Amino acid sequence: MWEFEIVCDLENQDLLKYIQKNLGEVIRKNDGVMALITNGDSLFLSIGAKQEKTPEIKAHLRLLICDVICEKMKQRFMENNLILPQNQSNLFNTFVKVCTYFDRELERQIVLRALDLKDKKINLKSFLFFKLHNLLNKWQELCDLTNQNIITILKKDNFVELLKFLLQSIDSKCQSVILELHDKCLIYHDTQNDFDIITSIDINDNFGVLAKLIELNPYLIKIHTDESNFEIINLVRSVFEDRVELG
């Protein structure tokens with residue numbers, strides 16, 4: 001019998017719930033068991049399966065833990081260490097997203113090399129601070145550099161140019177996206193899970209929409225709208241340039 005346990009503090013319980021949700025199908029398919037429990041201070045995700053059933057579970061689990069560290073934990077680190085002026089709060093989420101996904105593929109490879117699952121337990125916070133301290137230092141350097149130059153960075157023209165530059169180091173999560181402003185949604189195909197996704201958007205939050213597009217970084221963005229949404233169209237075009245089509 002193979003057993004494995006993932007630990008985090010209660011403040012970050014959504015990390016384990018994300019893993020539990022996305023690992024569920026693989027666990028069922030391989031006749032495994034999984035339970036989420038707490039001792040009051042920490043949360044534990046316990047996983048078990050017959051030894052011969054573990055290869056697929058381990059493969060999916062490694063990728064999910066990698067996602068948690070490289071996206072969710074990195075984003076929280078950026079949110080806690082980036083210092084943006086209060087009057088520029090509308091840019092905060094967009095900039096955090098860009099910093100989070102900057103060098104995404106390289107950082108995933110760093111995490112996966114360190115993540116062998118040979119032990120029976122992993123504490124997410126301890127693993128990041130002790131096994132991935134070089135990665136943590138890299139994130140801190142990015143925050144320090146940004147904070148030192150934040151006034152210059154947040155000038156509109158400079159901000160757009162920086163977004164365009166950083167996008168070059170962010171891998172694409174999908175081939176194309178339909179930005180449906182009439183129905184207030186984004187439509188795209190999730191290539192990793194092989195199904196279409198429709199997600200709602202707030203068309204009054206231009207930078208929120210831009211942040212989602214940056215996360216996906218598609219090769220093509222088709223915008224369905226009329227001329228009344230020219231502000232968001234111009235913003236998306238200024239960052240993604242010739243990848244944008246109006247339909």
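User: In which loop does Leu-117 lie?

Analyst: Leu-117 lies in the loop between helix H4 and strand S4 (121-123). Before going on, note that this is a predicted model, in which local features need pLDDT of at least 70 and side-chain atom pairs count only at pLDDT 80 or more, while totals for chains, interfaces and linings use all residues. Residues are numbered from 1 along each chain as its sequence is written, and side-chain values use heavy atoms, with hydrogens and water left out.

The protein has 10 helices and 9 strands. Its radius of gyration, taken over C-alpha atoms, is 20 Å, close to the 18 Å that the globule rule gives for 247 residues, so the protein is as compact as a globular protein of that length. That rule is 2.2 Å times the number of residues to the power 0.38.

Now back to the loop. Leu-117 has a phi near 60 degrees, a positive value in a residue other than glycine. Most residues other than glycine have a negative phi. Leu-117 also counts as buried, at 7% relative accessibility. Buried means under 20% relative accessible area, exposed means over 50%, and partly exposed is in between, using a 1.4 Å probe and protein chains only. Of the 247 residues of the protein, 45% count as buried.

At the other end of H4 (104-114) there is a loop that joins it to helix H3 (89-101), and Asp-103 lies there. Asp-103 has a positive phi near 60 degrees, and it is not a glycine. With a relative accessible area of 19%, Asp-103 is buried.

A further positive phi, near 45 degrees, belongs to Asn-217, which follows helix H9. In H9 (residues 206-216), 9 of the 11 residues are buried, so this helix is largely enclosed by the rest of the structure. Among the buried residues of H9 are Phe-207, Leu-210, Leu-213 and Leu-216.

For the wider setting, consider contacts, meaning heavy atoms within 4.5 Å. Among contacts between residues at least 6 apart in sequence, 69% join residues at least 24 apart. The C-alpha trace spans about 60 × 40 × 30 Å along its principal axes.

Key
Helix = DSSP H or I, 4+ residues; strand = E, 2+ residues; numbered from the N terminus.
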